[in-house]
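I opened a new notebook page for this chain.

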Amino acid sequence: MQTIKEYVQSNQERFLEELFALLRFPSISADPKYKEDVVKTAEFVAEKLREAGADQVEVCATAGNPIVYGEKIIDSKLPTVLVYGHYDVQPADPLELWDTPPFEPTVRDGKIYARGAADDKGQFYMHVKAFEYMMKNDALACNIKFMIEGEEEVGSANLGTFVKENTERLQNDVIVISDTSMISMDQPSLETGLRGLSYVEVEVTGPNRDLHSGVYGGAVANPATILAKLIASLHDENNHIAIPGFYDDVLELSAEERAALNEAPFDIEAYKEDLGVAEVWGEAGYSSIERTGIRPTLEVNGIWGGYIGEGAKTVLPSKAFAKISMRLVPNQDSQRITTLFKEHFEKIAPSYVKVAVKPHHGGEPVVTPTDSVAYKAAEKALEEAFNKKPIPTRGGGSIPIVALFEKELGVKTVLLGFGLDSDNLHSPNEKYGIENYLKGIETIPSFFKHFADLSK
């Protein structure tokens, strides 16, 4: 029997080539014109699961994009691990900011550059290859189920229905998700919480058509100007969110909990240098680690209106738009926050414009226990792989389905991520370290072994 390190070393080139093939599919779930590519990606994933040794592999139709399911039940008495991931990716725009084509994987300085490299193709595919190893070397210590979806980047609208309709098939003892990050390759970590999400689009309308800015400017309200003022008013002078009731349900951490969180290695100067900013920004009274993990936020994700083409066009626009996301923390409810935002935005709008708020997707914040068998198994696996005990951290991102799984399936999730915060998720030049990818494959079988042993 080969050790996992020997197996990864002898198959490294193939593992990379298979990942590159997966990354070449432009599986953008937000744009319907990529629907065919999305389906092809699902079929590719299904085929790779079959090749690795999974049974009952199926590309399951939904009202949206398909969900890929597969399993290997070796003994009903053993615990079952459900691996969740997503094969859909964010749009690659703006394309001109990519150094190399987003759907032609390129390796530079030991990093794989491609859309979806870290989020989440490179991370969920680690599990497929680790499963392959365990099957070929008779080392599968638990039953395993795979559920790889194609709509995570647009809110997993159809996953809830699929889970509710397949609760028997999806029964498990723990869900493992590799769609998060760790501190560094020198200091592993395990995320123990994720923020929730409320996502809205706002529209501000002034005159019934675009106007000549010389003829009408100064006499008619400019929706772009008004929108800017409205957005600016959503934070106060201390960068607190100025929506009444927004913080009512926020679960505050104790001084001890905050101190423990801030013990994680964090170089503020390196952080600023990496981002190209002179200073950090955020809610007064909190560190950058706290601002991105345990505090709610409100961010403008896009803003537009009027003429944005080349050259000049002197218009006073009829409409202006913005997309806004709010990250939420434990005890906050995404639907309530969306309602609070809508009511506040409509209330503060002046009478000389009309506003409309369109809710998009949302999700609930979650905290995962650090005293569970699954967490301890992940902790042991990471410590063996990195020769250093992982630090528990709070993630700033959102994976809305974690709360859904807990509600519908009654099980907790372990966030076993191998990405880095610097991987440019959702940005041009997304990347994922080859070392991270291979280290993930090496670590996963150890998690299965420890989970089986600790479950006895």
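**Entry 1**

I am working from a predicted model. I began with an open sheet of four strands, whose order reads S13-S15-S11-S16 with antiparallel pairing. Its edges are S13 (297-305) and S16 (354-363), and each of these pairs on one side only. From one strand to the next, the twist averages 15°.

I then checked the pairing of S13 with S15 (residues 319-328), and found the two strands antiparallel and joined by eight bridges. Which residue in S15 stands opposite Glu-299? I read off Ser-325.

Next I looked for helices lying across this sheet. Helix H6 (residues 223-232) lies across S11 (196-205), S13, S15 and S16, and I noted an angle of about 15° to S15. Helix H10 (residues 334-348) lies across S11, S13, S15 and S16 as well, running at about 20° to S11.

**Entry 1: the second largest pocket**

I recorded a volume of about 610 Å³ for the second largest pocket. How many residues line it? The lining has 23 residues, and Ser-334, Gln-335, Gly-362, Gly-363 and Glu-364 are those nearest the centre. The elements giving two or more residues to this lining are helix H4 (159-165), S11, H10, S16 and helix H12 (401-409). By class, the lining residues divide into seven nonpolar, 12 polar and four charged.

**Entry 2: the annotated span**

I looked up the UniProt record, an unreviewed entry, which lists residues 193-352 as "domain: Peptidase M20 dimerisation". In the model, the end C-alpha atoms of residues 193-352 lie 43 Å apart. I noted 30% helix and 22% strand for this span.

**Entry 3: the S1-S2 hairpin**

I moved to strand S1 (residues 55-60) and strand S2 (residues 67-72), which run antiparallel and are joined by four bridges. The hairpin between S1 and S2 passes through six residues. Opposite Cys-60 I found Ile-67 in S2.

**Entry 4: the three-stranded sheet**

I found another open sheet, made of three strands in the order S4-S5-S21 with antiparallel pairing. Why is one side of S4 and of S21 left without a neighbour in the sheet? Strand S4 (106-108) and strand S21 (431-433) stand at the edges with a single partner strand each, so one side of each has no neighbour there. The twist averages 30° from one strand to the next.

S4 pairs with S5 (residues 111-113) over three bridges in the antiparallel sense. I placed Thr-106 opposite Tyr-113 in S5.

For helices on this sheet, I have H3 (residues 117-136) across S5 and S21, at about 35° to S21. Helix H13 (residues 434-454) lies across S4, S5 and S21, and its angle to S21 is about 55°.

I kept the backbone for the end, because most residues other than glycine have a negative phi and most peptide bonds are trans. Asp-93 and Pro-94 are joined by a cis peptide bond with omega of about -5°. I located Pro-94 in the loop between strand S3 (80-86) and S4. A cis peptide bond also joins Asp-119 and Asp-120, with omega of about 5°. Asp-120 has its place in helix H3.

Asp-138 is not a glycine, yet I read a positive phi of about 50° for it. I found Asp-138 in the loop between H3 and strand S6 (143-149).

Key: Residues numbered from 1 in each chain as written. Predicted model: local features only at pLDDT ≥ 70, side-chain atom pairs only at ≥ 80, totals over all residues. Heavy atoms only, no water. Pairing = 2+ DSSP bridges. Axes fitted to C-alpha atoms, helices over the stretch in contact; angles between N-to-C directions. Contact = heavy atoms within 4.5 Å. 1 Å grid on protein atoms, 1.4 Å probe; cavity = no way out; pocket = protein on both sides within 12 Å on 5 of 7 lines; lining within 4 Å. Points joined across faces, edges and corners; volume = space filled by probe spheres on them. Nonpolar A, V, L, I, M, F, W, Y, C, P; charged D, E, K, R; others polar. UniProt positions renumbered as here; feature names shortened; annotations may be inferred.
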